[in-house]
Every structure is written in C-alpha cells, then in structure tokens.
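Trainee: Could you take me through the aromatic rings here, and show me how each label follows from its definition?

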Amino acid sequence: MNSETLEASLRQLVGGSNVLAGPPGGPALVVRPGTTEAVAECLKLFHGQQAPVVALGGLTGLVHGTHTPSHYFGISTERLNKFESFDPNTRLVVVGAGTKLVAVHDFAADHDLRYGVDLGARGSCTIGGNIATNAGGNSVIRFGMTRSNVVGLEVVLSDGSIVTDLRGLPKNNAGYDLKQIFIGSEGTLGIVTKALLKLSRRPAGTASVLLALNHLDSALAVMEAIERACGHSLLALEIMWNRYFEKVSTALSAQTPPLPPGHPIYLLAQVEGVDNGEQAVDSLIGALESIDGIVDSALATTPVQESRLWSIRDGSDVIERAHKHVLSFDVSMRPHNYAAYIADVEARLKARISDAIAYYFGHLADGNIHFMIGHNGSSSDATRVIEECVYDALAYYEPSSISAEHGIGREKAAHLWRSRSTAEIAAMNRIRVALDPAGILNPHISYEPKSLDARASQVP
C-alpha cells in the first residue's frame, strides 16, 4: 500500500476533515480519531504497513518527543476530549486522553473537588500527555506525580489491540498492574485513549507566602519547619534563585514586585486549611515564627494575591522570550546538594560558553531543579557544550537524574545512560519489543547504553 492509498484509507476511517497536515518539525500527516476504536483501526493500518507513528497531545513537551521525520504519521488525541463518567461516591472520573488539564481542574471545581496534578502548562497540556510523561508540577509534595493520581487506563497497542482497565478498585492484585507500564512510557508502548482519575476534596482555604533568603541552608530550614508543622497541609514548596525571580517578576507587570530583587533565594510555600482559610494562614505563620534567616516576606491570603505570587513561579515563558536560544533542563538530586551543583554548572558555563545565562528554579522538597539556559547562538555547538556542562557536573551527585519530570524524548535519549544502568536500559528495550514488536511507535527515539569507556570518563 503506497502513501496515497494509506491516506485514502485513513480518510475513510476518520473522515476527510480529520486528516490534516502535521505540525512544524513533526509528521507530515496527522489523523484525529474520535474514539478508542478509531485509534485501534488506524494503528492496525499503520502496523500492517510498518509505518512509523507518534502520538500527539497538547504539544507542550520539553524534550522534543514529537519532533519526527516528515514520513511519520501522527495520531492526535485532540478529539478524545470527553468526560465519559463520574462517580461522586468514589470521586473517580473517566476522561479522554485529549482533555486539557485545565478542563479537569474546572470539572473538579464544579463538583467542589480538585485534581492533584497542576503545572504551568495547564491550559494547553493534555491528560494523555501528562500520563505519557508522568508529569509532576507544583503539587507533587502533596499528591505525587501523575502516576499517583491515575487509577485506570485504556490503551491501544501498536497492532490495534485495546487494553482496558477502568474498574477503579482500590485493591486489585490480580496479576500485573499494567497501567504503570504505560505511565511515563512517552508513547513508546501504546497510545492512551482514556484515563480514570481520582479527585479529592477541595481545601477550605489556602495561603501562600513568598520569602526572601540569603542562603540555601535557610531554605532547607524553612522546608523542615513547614513540613514538620503543616504535614499534609503543605501543598507546594517552590524555590527560585535571584536571576530567575528578578527577570520574571519585573517582566510580568508594571506593578512593583511583591518582594524586591537582589536576594539570593526566594521560596514560595502554599498550605491549606482544614476548616477555613484563616486556619491556613495561622498554620503558615506559626511554622515560620521560629525560623531565623528570613530576610523579607510577602503573605498572600486571597486568591488574587496568591495568583500574583504564583504567576512569578509559573512565568518561565518570560525567559523563553528573552533570549535567541533557550535550553531547558530538569534534573533531580538531594536538595542539600543544590548550591554546590549550581556553582559547578555556573563555572563550567563561564569557561566554555561566554554568552550563556542560566536561570534556576524548581521544586525544593522534591529535589527537582529546572534550568533555563539562554544564549545568542555565537557558538555552533552550544547545545552540546551546554548539555555537557549540566550533565557532566551531575555525575558528582548521587543519587541524581537527568530528568525529574519532563521525560526523555529525543533530547535526552543519548543521555539516558547517565541515570539508568545497562541492565535497566536492556529491560526497557525488552518491554518495548514485547509490546511493539514491529517497532512502529516512536522509532525515532532509541534507548541505548553508553560504552563502559565513555561511562568511566564521566564518573568522578
């Protein structure tokens, strides 16, 4: 079957209006099935023709997983965006993979509930994409990563087989928990079409505080005090270094920033109240009363005030617009290693890429630092050099990971060996071959171990 015949078959399956030109840097042709069964029929066609396929969600991924050669075919989950069912007794909701994260938050709020996963791209990212990358975000300390919030999945395998488990049983040890294989697999094992998500009760009220600090040690002391005093009431604990805070806070609004720039570290904490919003404020203030090293603070007790503080933390697109080229990283390690690691990366960048400017922020309690490194393109191999500055330095800190929450995609596939052993990578590849023997799902992304000689040269 040639490409024209295959395209005609796809049009017959999903309708001519649902076969479209693909996005820049991706597949030339994209199909938009409207049901799980239609996804299955499309994959049967692709499987029969050994045609490479990539799943497309909200296209908000940061590791270029959907950047493919033009001869690939894309399966968009855009039309799989329905709320299929909701059980108010169990607080479980079945949603299509193409449902926007913000729509799930709005649905939950309409039922006086909430969904635990939240991140800055909430308005454009999809539930299917969140599942594919096991997205984290701001509330991991309270609700865990995406896999902690998914109760069941419906997935189509590469040959068109449909695997469904939307039962929602709290306890079910009847064999393998198959959903966990697909969460975080980035579309290499199957295409998620539906998800059973758990919602939880909304807090009676929340309060946030932005703190200015002089040292990482002060941030760690604040973290310990808030965790001890607030326990599960702590929703988020975010860290921003001065360069990021100053750039974003001054660009977002003509208003004076809630705290002046110039302090080495800014910490943003949010807690919830069990009975009312005042309780959230009291618990937050009480946790901080005995902490030395807090230079300045801004307390937010209303949704508008909180939104202003959080807009700074979520305003990383300011960095994207500020530089000709920007590389994003999300590494993880023990929080007490942050200062030494950042100093190491800064020194390496200064020695090798003179125009590189690094911005640091992240999730303090989760051990996750986000880097955004801008440069003007004066060096032809800037990407390779910057990656080496970030990842070579990471080898000195164990345990650590090259990807805390963004996934691997194309961008990090060549660096996977830095965080996974040869045996782990081999096991991943065996699972992949077992579920996709024809190798049609994301063949542009390969998991390969690094040679022993290369490993030895990178490890301190």
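Trainee: Are Tyr 244 and Phe 361 buried or exposed?

Mentor: Both Tyr 244 and Phe 361 are buried, a term that means under 20% relative accessible area, with exposed being over 50% and partly exposed in between, for a 1.4 Å probe and protein chains only. This is a predicted model, in which local features need pLDDT of at least 70 and side-chain atom pairs count only at pLDDT 80 or more, while totals for chains, interfaces and linings use all residues. Residues are numbered from 1 along each chain as its sequence is written, and side-chain values use heavy atoms, leaving out hydrogens and water.

Trainee: Why is the pair of Tyr 341 and Phe 371 called edge-to-face?

Mentor: Rings of Phe, Tyr and Trp (its six-membered ring) pair if their centres lie within 6.5 Å, and planes under 30 degrees apart count as stacked, over 60 as edge-to-face and the rest as tilted. The centres of Tyr 341 and Phe 371 are 5.6 Å apart and their planes stand at 80°, so this pair is edge-to-face.

Trainee: How do you know that Tyr 341 is buried?

Mentor: Its relative accessible area is 0%, so Tyr 341 counts as buried, and Phe 371 is likewise buried, with a value of 0%.

Trainee: Which residues form one aromatic cluster?

Mentor: Trp 241, Tyr 338, Tyr 341, Tyr 360, Phe 371 and Tyr 397 form it.

Trainee: How many aromatic pairs does the rule give?

Mentor: The count comes to eleven, and one of these pairs, Tyr 244 with Phe 361, is stacked, at 4.3 Å centre to centre and 25° between the planes.
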